[in-house]
Every structure is written in C-alpha cells, then in structure tokens.
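These are my notebook entries on a structure that was new to me. I set down what I looked up, entry by entry.

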Amino acid sequence: MKNLKDYLGLWGVLSVALLLICIISWSDGFSLFGIALKPAPIAERLTREPERSDVGASVALKQIAVCPVEKKMTSDTASHRILIFGDSMLEGLNRRLGAYATENGHTLNSVIWYSSTTKTWAECDTLRHFLRRFKPTYVFVSLGGNELFIRGIIESRDRYVKKILKDLGDIPYVWIGPPNWKEDTGINELIASNVPAGRFFVSNGMKFDRQKDGAHPTYESAAVWFDSIARWMPLHADHPIRMRRPSSSAPGRPATVMALKPPTD
C-alpha cells in the first residue's frame, strides 16, 4: 500500500496547475511559449451581478408587484354622465358627489334603493333599466352596508357581485366599499376578490361621525368621505375622471334622484 509520501509529487503538480489557472482567469491574457492564453470565465461567474432571471431578482419583482408604487394617472378630462346607485349609504355621498359634478361639468343621476344588497340588485333588471335610461359613461357603486354580518357571504353572494359587474360591462366604475362600524364577515374581501385593482375604494378603517342609528355617516362626514375618494382617484383609479374640489361646501344637486322602496324579501 502506498503511503502519503508517494502522493506528494502528484499533489505538487496539481497545486501548480490550479495556481496557473487562477492567474490566467483573473488576468487579461498573455502568451506562453508563443501560445496566446485567454482568461477563463471562472472569475466572471464568481463576481458577476445577479441577472434578472436569478431567484433573488424574481423575488424582488414579486415584492414590487405586491406593493405597487403610487403613480399619478392621466385623468379623463371629458364631461361625464355619472350614475351612482346602491343602498342608503349613498345618501350622504350623493350630496357631495353632486357638488363635484357641478364643479367639473358632469351630470349626476342617483338611484337609492333602501335596504338593498348585492342580491337585490343582481336578481332583477333594475340596474339594467337605469343603465339604459341614463346611459352613464361613469358609475359609482355604493353597496355592501347591509351585508356586513352575513355568515358565509363569500360563498353565498359571490355570484351576485359577478352579476352586477357583468351588467356594468365596459363602463368604467368605482365600487365604494361600505363604511364599516364593526368588523364584517367578508363583504369587503368578496368585493376585492371580484373588482379589478383601481376600481375598489376601501372605506373600512376610516373614521366617521355617525347618525343616531350608529351606522350611517352624518352628511358632513359623508362629504369628507367623498373628498377622500376624489383624492384617491388620480393616484389609484384605473380610469380617473375630472374631480376638482368644489369651491363651495354647499351640497350639489343631482339631475335626478330616484328613491326605491326597500325590497320585500
């Protein structure tokens, strides 16, 4: 059996060869016995910056997608026929939106269906009727306030939210989330899972002064609520329209206000 001394010569030759390879790798190249030697790519591979296809870069891109940077969108400067529809929560919003419409040259039509829900609107042709009647070019939806505490809402009412969005078709819109006064059972999650980014304004978490029922914001608080929506639109809405702040705090007057009785079911 050979001992360690028998391999010392071989290890010496290998060490010299490895040293020579490293020198060539980090050099700009040179000639040896008339032969041009070019640097090996080892040093480049060890010291290069990670490419975008690397795992680290992929993770960074995913993080950027999850946390998008605010970007001011170019607002549509046209005068619009605006329709706002939904439950009684839009009563206060209606007044302030009317002022914005007057200030910015829009026409506002409002349909308040008291005690209505996504189910109420989806199971009849009322929305389609008013879309045909007013021919809106922009829509605000205020629904969900009567569905804060329904158990299993995501499973039971998903089809109703989808039906409303199908009826809206290609009309640009903003869905204004309900002004929670208590934690909900999933209505905000349900809306967010169906409404594309830039079309859902989350009201949950805002502070409101409430009317005596403890649920509806006061008119003054609802005005601040819509001011927040108007400020949100240029930075976040996928189709912002002209929403210059009204010069007066006086409530605006929609062209029409349709008030529907509570559903019987």
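**Entry 1: burial and overall make-up.** I began with the term I needed: a residue is buried if its relative accessible area is under 20%, exposed if over 50%, and partly exposed in between. The model I am reading is predicted. By that cut-off, 40% of the 265 residues of the chain count as buried. I then looked up the secondary structure, and found nine helices and eight strands. For contacts between residues at least 6 apart in sequence, I noted that 76% join residues at least 24 apart.

**Entry 2: helices α4 and α9.** I looked up how helix α4 (residues 90-104) meets helix α9 (residues 219-236). Their axes come within 8 Å and cross at roughly 55°. I recorded the crossing of α4 and α9 as right-handed. On the α4 side, the residues making the contact include Glu-91, Leu-93, Arg-96 and Leu-97. On the α9 side, they include Ala-222, Trp-225, Asp-227 and Ile-229. Arg-95 of α4 and Tyr-219 of α9 are also among the contact residues. Ring pairs link Tyr-100 and Phe-226 with Tyr-138 and Phe-140 into a cluster.

**Entry 3: helices α6 and α7.** How do the axes of α6 and α7 cross? I found that they come within 10 Å and cross at roughly 20°. Angles under 35 degrees count as roughly parallel, and α6 and α7 are therefore roughly parallel to each other. Their crossing is right-handed. In α6, I listed Leu-127, Arg-128 and Leu-131, which meet Lys-163, Ile-164, Asp-167 and Leu-168 in α7.

**Entry 4: aromatic pairs.** I asked how many aromatic pairs a search of the whole structure finds. There are nine. Trp-113 and Trp-121 form one that is edge-to-face, with 5.2 Å from centre to centre and 75° between the planes. Both of these tryptophans, Trp-113 and Trp-121, are buried. Phe-149 and Trp-181 form another edge-to-face pair, at 5.9 Å centre to centre and 80° between the planes. I placed Phe-149 in the loop between β5 (138-142) and α7 (153-168), and Trp-181 in the loop between β6 (173-176) and α8 (187-194), so this pair ties together parts that are 32 residues apart in sequence. Phe-149 counts as partly exposed because its relative accessibility is 44%. Trp-181, at 31% relative accessibility, is also classed as partly exposed.

**Entry 5: positive phi angles.** Ser-115 is not a glycine, yet has a positive phi of about 65°. Ser-115 is placed in the loop between β4 (107-113) and α5 (118-122). With a relative accessibility of 41%, Ser-115 counts as partly exposed. Lys-135, likewise not a glycine, has a positive phi of about 45°. I found Lys-135 in the loop between α6 (126-134) and β5. Is Lys-135 exposed or buried? Its relative accessibility is 52%, so Lys-135 counts as exposed.

How values were computed: Residues numbered from 1 in each chain as written. Predicted model: local features only at pLDDT ≥ 70, side-chain atom pairs only at ≥ 80, totals over all residues. Heavy atoms only, no water. Phe/Tyr/Trp six-rings, centres within 6.5 Å; stacked < 30°, edge-to-face > 60°. Buried < 20%, exposed > 50% of the residue type's maximum accessible area, 1.4 Å probe, protein only. Helix = DSSP H or I, 4+ residues; strand = E, 2+ residues; numbered from the N terminus. Axes fitted to C-alpha atoms, helices over the stretch in contact; angles between N-to-C directions. Parallel < 35°, antiparallel > 145°, perpendicular 65-115°, else oblique. Left-handed = near helix turned anticlockwise from the far one by under 90°. Contact = heavy atoms within 4.5 Å.
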